[in-house]
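Subject: Structure for you to look at

Hello,

Here is the structure I promised to pass on. Please open it first, then read the notes below it.

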Amino acid sequence: MNMQVAERERLSMSSQHAGQPVTRNDSANHELSIRVRDLNLWYGQSQALKNINLDIFQKNVTALIGPSGCGKSTFLRCLNRMNDLIPGVRTEGLVEMDGRDVNAAKMDEVALRRRVGMVFQKPNPFPKSIFENVAYAPRMHDMVSRKAEQDELVEQALRDAGLWNEVKDKLQQPGTSLSGGQQQRLCIARAIAVKPDVILMDEPTSALDPISTATIEDLMDKLKKQFTIVTVTHNMQQAARVADYTAFFHLGEVIEYNDTRMMFSNPHTKKAEDYITGRYG
Amino acid sequence: MSQSFDDISAQLKRRHRKSSRLKWISMGALGLAGLFLVLFFADMLSKGLPAFQQAYIEVELDYNEDAQRMGRAALDPEVSRLVSRSFERLIPGMLRDDPGLIGTTEQRWVLADSEVDQYLKGHRSRLSEDERETVDELVESGRLELQFNTTFFTEGDSKMPERAGILAAAVGTVMTMLVTLAIAFPIGVMTAVYLEEFAPDNRFTQLIEININNLAAIPSILFGLLGLAIFINFFGVPRSSALVGGMTLALMTLPVIIIATRTALRSVPDSIRHAAFGVGCSRWQVVRDHVLPLATPGIMTGSIIGLAQAMGETAPLIIIGMVAFIPDVGASFTNASTVLPAQIFTWAGEPERAFVEKTAGGILVLLSILIALNAAAVVLRKKFERRW
């Protein structure tokens, strides 16, 4: 009886505050990083995202979960306009960062991607040296002027990515000579070297072994002190371990956006509960 | 009911026979192709290698007054028939340049006449019986012999086969190829970069793509007609020049380079592009810093093969006047010049027996260059081949 009343209250809450999580995570930061409103996306004729509303908070890990083809990766790519590279994609709605619409004609996608970095599913270091992998982007963006500055920045990025001790003696070796997990951390170092605000991670551990996965998860926990992290994952345990907030996607819609602990202990919607308890996915 | 192994084997026998028959047929085809190749090379080598040797004769030169007007006067009448007339014609000039020589004598090895050369090599020769005897005596006494033919590599074409060389054609080929490369490489690579990395995929770009592919299949003589009509008649580029030849061959090489470059660009995995876009590269930076360096070996290989193809081309050059008698090494890109295959074509039409070996020798030189170029392409590809 009481439960039903509470349920109804929460539902009305969520409809009033579109994009807000159902339950607040009191240990999380709540300064707004990216605000998404009524976002729709079509691949040609087929609609992949439907009326997405989501507030992503700064210096948190936000996990996007859901069955295959639910649109979570597509949504992630909306945040730094990587979908622009795919022919036939059309988006409508608002993705706002710092009070600016990232899809506006005035917005330069190069500027956007400098502030919103990305780590991909399969580690994809440049076929250049480890040093060059990290140093390339800061140099390109004129962030460093002297050699010493550049060395310092590379070392800091590799330290932050937890890779420095493993590679400091072989910085001139090709990035592709590292193991898969090291390559992925190199890609993270490459992303944080340009000092972005947000790092997008598209299933960053799905191609890695369990030990490398654990290393990356620890790293995400450390990195959220400096960066806002949005990660797509197929692995629900991973979302439960690393994320402050979790959004559950299904057929292109956000079914539930909730405090991670609540999402996995007491999901608000039936669909999320079915997915989390393994009834489909 | 299941079948026993024996039943199945009996059925399989026919299939096995068929496959072994196919195997033998294909091996036979390969053997036949190999045989033709061996025959071709054996023929070329046996005909062409003698071209790298030439008969030289040691004569006593008496620089008397008459030799200033007629070179033959400097020679003993008995051997003058055996000496190349091209050398005799040089004597008055030598005396004009250095009058101090007049009244002196000199022992010297000079080019022998091509009839002597052919006789020594055992070919048909128009020497008379007396002359053959003289030649035999001279060989006996060591004053007439076959030596390495430097003239072949240091002279241009000549109507006298003993003096005909391929230097003019080789220099012409180098200059023509420089022009071809300078035009076709940048245009071809940039066209491919645009089509592959920048252009939207629509009807218009598809139409361009189909036409580029068709261009690669157009008979090369049509490019010669195009070069004649546009470069020579419209723009007034000097005909027979390395410049117009290079421009015409560039038209022919362009589609090859475009197609090779597009293939090389397409083989660069998209993950590299995504990584570069992800760190905030503009499209041009993605191409310049990441895609092009990875595609370079493929582009180089394709360009070298395109160039090798252009280097062996004769048909379009006939029309723009590069198949001609060119005795002098071209001094500039606008001078009349010829190229190796055109030189071979010219020699093949000469009536003298001695030109047969010049023709084959020219083919050997051209083939060696082409094989070297293709080997360079293979080495480049192997050396820079990358795995992701």
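**Chain B as a whole**

In chain B, 75% of the contacts with a separation of 6 or more are between residues 24 or more positions apart; two residues are in contact if their C-beta atoms, placed from the backbone, lie within 7 Å. Please keep in mind that this is a predicted model, in which local features need pLDDT of at least 70 and side-chain atom pairs count only at pLDDT 80 or more, while totals for chains, interfaces and linings use all residues. Residues are numbered from 1 along each chain as its sequence is written, and chains are lettered from A and ligands numbered from 1 in the order in which they are written.

Chain B has 16 helices and three strands. Helices (H or I, at least four residues) and strands (E, at least two) are DSSP runs, numbered from the N terminus. The radius of gyration of chain B is 29 Å, whereas a compact globule of 388 residues would have one near 21 Å. That radius is taken over C-alpha atoms, and the globule rule is 2.2 Å times the number of residues to the power 0.38. Taken along the principal axes, the box filled by the C-alpha atoms of chain B is roughly 100 × 70 × 35 Å. Of its 388 residues, 38% count as buried. A residue is buried if 20 or more other C-beta atoms lie within 10 Å of its own, exposed if 12 or fewer, and partly exposed in between, with C-beta atoms placed from the backbone.

**Two details in chain B**

Gly165(B) sits in the loop between helix H7 (151-154) and H8 of chain B. Is Gly165(B) buried or exposed? It counts as buried, because it has 23 C-beta neighbours inside 10 Å. Its C-alpha atom is 6.5 Å from that of Thr154(B), 11 residues away along the chain. Leaving aside neighbours within four places in sequence, the contacts of Gly165(B) include Thr151(B), Phe153(B) and Gly156(B).

Helix H8 (residues 167-198) of chain B packs against helix H15 (residues 340-348) of chain B at an angle of about 145°, and their axes are 8 Å apart. Axes are lines fitted to C-alpha atoms, for helices over the stretch in contact, and angles run from 0 to 180 degrees between N-to-C directions. H8(B) contributes Ala169(B), Ala170(B) and Thr173(B), and H15(B) contributes Leu340(B), Ala342(B) and Gln343(B). By class, this contact has four nonpolar, two polar and no charged residues. Ala, Val, Leu, Ile, Met, Phe, Trp, Tyr, Cys and Pro count as nonpolar, Asp, Glu, Lys and Arg as charged, and the others, Gly among them, as polar.

**Chain A**

Chain A has 11 helices and 10 strands. Its radius of gyration is 19 Å, which agrees with the value near 19 Å for a compact globule of 281 residues. The C-alpha trace of chain A spans about 65 × 40 × 35 Å along its principal axes, and 45% of the residues are buried.

One open sheet of four strands in chain A has the order S2-S1-S4-S5, with antiparallel pairing. Strand S2 (46-57) and strand S5 (100-101) of chain A are at the edges, each with a single partner strand, so one side of each has no neighbour in the sheet. Eight bridges join strand S1 (residues 32-43) of chain A to S2(A) in the antiparallel sense; strands pair if DSSP finds at least two bridges between them. Leu32(A) is opposite Phe57(A) in S2(A).

Strand S3 (residues 61-65) of chain A has five of its five residues buried. Val61(A), Ala63(A) and Ile65(A) are on one side, with Thr62(A) and Leu64(A) on the other. S3(A) runs parallel to strand S8 (residues 228-232) of chain A, joined by four bridges, and Val61(A) has Ile229(A) as its bridge partner there. S3(A) also pairs in the parallel sense with strand S9 (residues 245-250) of chain A, over four bridges.

**Where the chains meet**

The contact takes 20 residues from chain A and 16 residues from chain B. On the chain B side, H12(B) gives the largest share, six residues.

Regards
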